[in-house]
Amino acid sequence: MAPHFTDTQKAVHLPGDRSFFISIKPHVIIPVIILLLILFGLAWLQYLVQGLPTLPAVSNASPGHTNPSGFPAWVRVSHWVNFFFLTLIIRSGISILMNHPRLYWNNSCKPSSAWMRFTPLKTPSKKYWTSKEDARYISPLWATPGYRNTIGISRAWHFLTIPFFLLNGIIFIFLLFYTQQWKRLVPVSWEIFPNAWHVFVHYATFHMPAEPNGFYSYNALQQLAYFAVVFILAPLAMFTGMAMSPAIENRFKWYPKLFGNRQGARSLHFLVIIAYAGFIIIHVMLVMLTGFTRNMNHITLGTDGNSHTGIYIGFALVILVTGFCIFAHWASWHKPRTIQKWQAAINGTLWRYSINRLKPKSRFTKKDISSYFWLNGSMPVSDEWKNHLEENFVNYKLPITGLVENPVELSLNDLKKWGKEENITMHHCVQGWSGIAEWGGVSLRKIIALVKPKPGATTVVFYSFGEGLFGGTFYESNTLDNCLKPQAILAWEMNYKPLPPEHGAPLRLRVENQLGYKQVKWIKSIEFVNTVSPIGKGFGGKDEDDEYFDLLADT
Ligand SMILES: Nc1nc2c(c(=O)[nH]1)N[C@H]1C(S)=C(S)[C@@H](COP(=O)(O)O)O[C@H]1N2
Ligand SMILES: [Mo]
């Protein structure tokens with residue numbers, strides 16, 4: 001099963017410290033505990049003072065001929081398809097989370113401001129502490145693919161399952177309203193709320209309420225829970241997920257504000273998963289406690305009988321899904337390139353024709369600038385760069401070559417003559433953190449106009465003085481089209497000061513509709529090309545080559 005790792009790979013994916021850790025700030029956990037105590041306290045109070053509330057009479061047959069009875073095949077199929085995709089989405093989501101194991105309500109992501117963390121490190125332990133180093137190990141028992149620093153492949157699984165999960169949900173909702181089945185899920189009277197509370201008083205005081213036969217109808221709390229899962233949690237997962245995209249955020253600044261801010265959306269996205277997981281646990285428990293045999297026949301065979309067939313089919317389906325998770329783990333380590341290609345074919349194509357067309361335009365203001373800004377990337381170790389740094393880059397020259405009419409070599413002073421563009425934008429690291437900064441530098445448009453790309457030049461490659469996670473020159477490509485978008489600059493200034501060495505001096509790239517890994521730091525040279533195949537391993541960037549990241553980094 002386990003792949004054969006080199007020592008470098010082991011250091012990245014299987015670190016010495018694999019301890020699991022969860023910490024929640026008191027200002028979050030205390031209100032949650034108080035809320036639960038109030039709910040359970042009120043239920044017990046009502047029970048002790050008034051006795052168990054009466055529930056509406058239970059009917060074990062279809063109450064009227066227009067009401068749905070039984071579960072048609074499409075309900076049963078979509079239920080299990082949903083189970084399959086949701087399992088993969090949750091498991092890959094956990095892997096993604098562990099790449100930046102901290103959750104915040106603010107855009108600056110200062111480590112100490114996290115309301116929840118999954119790392120024992122409260123704050124970074126050294127000055128140059130990258131978010132790559134900060135990532136945590138997760139066992140493949142819990143997550144797909146598992147291990148540490150697997151954001152490329154876990155994102156591929158996450159995004160590859162989403163279109164199918166959505167499609168299944170859309171078909172389900174369409175058929176729900178096309179048939180009478182919606183009456184099971186959608187409450188039509190306000191009575192649902194007092195009734196649901198009465199059911200809750202039963203459960204909370206350890207009394208099983210008399211159950212309606214789920215073949216015909218649900219109790220009020222059950223109906224509300226199912227309704228919420230379909231009509232609240234699923235859309236919320238989708239909308240908070242979209243709020244994390246740089247292409248969307250830097251075009252529609254108002255959108256993530258619906259959830260407070262970008263990190264609020266990320267935290268809510270996580271809480272949706274917690275709600276889903278909580279629902280699944282309680283749902284499965286109640287399916288077992290309220291007539292397991294018949295319940296399983298309902299959702300597999302669509303019959304209301306007492307045979308054990310439903311249980312066997314249910315178990316078989318759970319084993320199938322588990323088997324697929326094992327396969328996904330294997331494929332992630334043995335066929336990662338195939339997974340990356342599928343991700344590019346499906347989602348890369350979808351993004352290319354949709355959000356990649358958006359032009360960044362949000363302008364944050366000075367007061368939005370983050371007081372903290374995470375770091376990523378290995379500092380250059382070459383003497384060449386160190387010498388330039390010592391000399392304050394006075395002898396630095398940037399060669400711009402490749403498919404251009406007018407190849408040039410420009411010093412920092414040459415670049416500065418072209419005028420300075422200043423943008424205050426939000427940086428989105430693929431791992432999950434964000435930060436708002438001012439960037440000042442020369443517009444890429446002006447450079448492109450100067451060097452005049454030849455016909456056929458489609459891509460601009462930016463080479464760094466620094467190295468990638470597994471060694472070798474760091475480089476990334478961006479489409480010419482994205483380089484021509486507003487706010488695309490070569491920056492020599494960050495927050496109105498010369499670009500600090502740790503943030504990429506002398507020059508770093510800003511292409512604001514793309515994720516952080518496209519923003520190459522410590523730029524050494526630039527090349528215009530018509531294909532990325534001959535460069536590196538041929539996938540368009542160091543992170544695409546070695547870590548299976550997306551060529552287009554819009555989400
Ligand atoms: N040369 C180089 N540039 C790089 C990287 C790197 O590893 N090497 N990492 C990228 C990633 S993943 C991010 S999130 C940003 C981080 O920029 P910062 O350190 O200024 O915050 O740099 C990008 N540029
Ligand atoms: Mo990043």
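This is a predicted model: local features need pLDDT of at least 70, side-chain atom pairs count only at pLDDT 80 or more; totals for chains, interfaces and linings use all residues.
**View 1. Residues around ligand 1.** The shell around ligand 1 holds 18 residues, and those that come nearest are Trp374, Ser464, His503, Arg508 and Lys521. Sorted by class, this shell comprises nine nonpolar residues, seven polar residues and two charged residues.

View 2. An N or O atom in the side chain of Lys521 is placed 2.4 Å from an oxygen atom of ligand 1, while a backbone N or O atom of Trp374 is 2.6 Å from an oxygen atom of the ligand. For Gln519, a backbone N or O atom lies 2.9 Å from a nitrogen atom of ligand 1. On its own, ligand 1 has 540 Å² of accessible area, and the protein covers 96% of that area.

**View 3. Division of the chain into two domains.** Domain 1 is made up of two segments, 7-100 and 135-355, whereas domain 2 spans 363-547. The centres of domain 1 and domain 2, taken over C-alpha atoms, are 41 Å apart, and the contact between them draws on 26 residues from domain 1 and 21 residues from domain 2.

**View 4. The interface between domain 1 and domain 2.** About 2000 Å² of area is buried between domain 1 and domain 2, with carbon and sulfur atoms giving 55% of it. Across this interface, 10 residue pairs are found in polar contact, counting pairs in which both residues have pLDDT 80 or more, whereas the count of salt bridges between domain 1 and domain 2 is zero.

Note on methods:
Residues are numbered from 1 along each chain as its sequence is written. Chains are lettered from A and ligands numbered from 1 in the order in which they are written. Side-chain values use heavy atoms; hydrogens and water are left out. A residue is near a molecule or strand if one of its heavy atoms lies within 4 Å of it. A polar contact is a pair of N or O atoms within 3.5 Å; within protein, one must be able to donate a hydrogen and the other to accept it, and residues adjacent in sequence count only if both atoms are side-chain atoms. Accessible areas come from the Shrake-Rupley method with a 1.4 Å probe; for residues, only the protein chains shown count as cover. Ala, Val, Leu, Ile, Met, Phe, Trp, Tyr, Cys and Pro count as nonpolar, Asp, Glu, Lys and Arg as charged, and the others, Gly among them, as polar. Domain bounds come from an automatic or database domain assignment. Contact means heavy atoms within 4.5 Å. Buried area is the accessible area (1.4 Å probe) that two parts lose on being put together, summed over both. A salt bridge is a side-chain nitrogen of Lys or Arg within 4 Å of a carboxyl oxygen of Asp or Glu.
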